[in-house]
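Welcome, and please open the structure in your viewer. We will go through it one selection at a time.

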Amino acid sequence: MTFEQFEEYSLWLGVGGLILFMVFIVWNLAKESEAGRFGTFILFLALGLGLLGFVIKTVLVEVMGIG
């Protein structure tokens, strides 16, 4: 395994782990605040949009070959 491969795998695992941790944090926040179904949906929608923007940016950069 080359150093570049190690960096790429580490990046994907690290970012994936952080995404899963963020999902856990939002779920825990909804549970502790007793938000209900609609409140939980709004929390995941609002806080998930930033995550979705990051994923869309990454996909566009790869598809367009920028960077």
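Select helices α1 and α2 together: the two are roughly antiparallel to each other, because the angle between them is about 160° and angles over 145 count as roughly antiparallel. Keep in mind as you look that this is a predicted model.

To find the pair, pick residues 3-32 for α1 and residues 36-64 for α2. Their axes are 9 Å apart.

Next, show the side chains where the helices meet. On α1, select Val15, Ile19, Val23, Val26, Trp27, Leu29 and Ala30. On α2, the partners in this contact are Thr40, Leu43, Phe44, Leu47, Leu51 and Phe54.

Now for the last stop, the largest pocket. How much space lies in it? The answer is about 350 Å³. Select Leu11, Trp12, Val15, Phe54 and Thr58, which lie nearest the pocket's centre among its 13 lining residues. Both α1 and α2 give two or more residues to this lining, and α2 provides the largest share, seven residues. Coloured by class, the pocket lining shows eight nonpolar, two polar and three charged residues.

Definitions and conventions:
Residues numbered from 1 in each chain as written. Predicted model: local features only at pLDDT ≥ 70, side-chain atom pairs only at ≥ 80, totals over all residues. Heavy atoms only, no water. Axes fitted to C-alpha atoms, helices over the stretch in contact; angles between N-to-C directions. Helix = DSSP H or I, 4+ residues; strand = E, 2+ residues; numbered from the N terminus. Parallel < 35°, antiparallel > 145°, perpendicular 65-115°, else oblique. Contact = heavy atoms within 4.5 Å. 1 Å grid on protein atoms, 1.4 Å probe; cavity = no way out; pocket = protein on both sides within 12 Å on 5 of 7 lines; lining within 4 Å. Points joined across faces, edges and corners; volume = space filled by probe spheres on them. Nonpolar A, V, L, I, M, F, W, Y, C, P; charged D, E, K, R; others polar.
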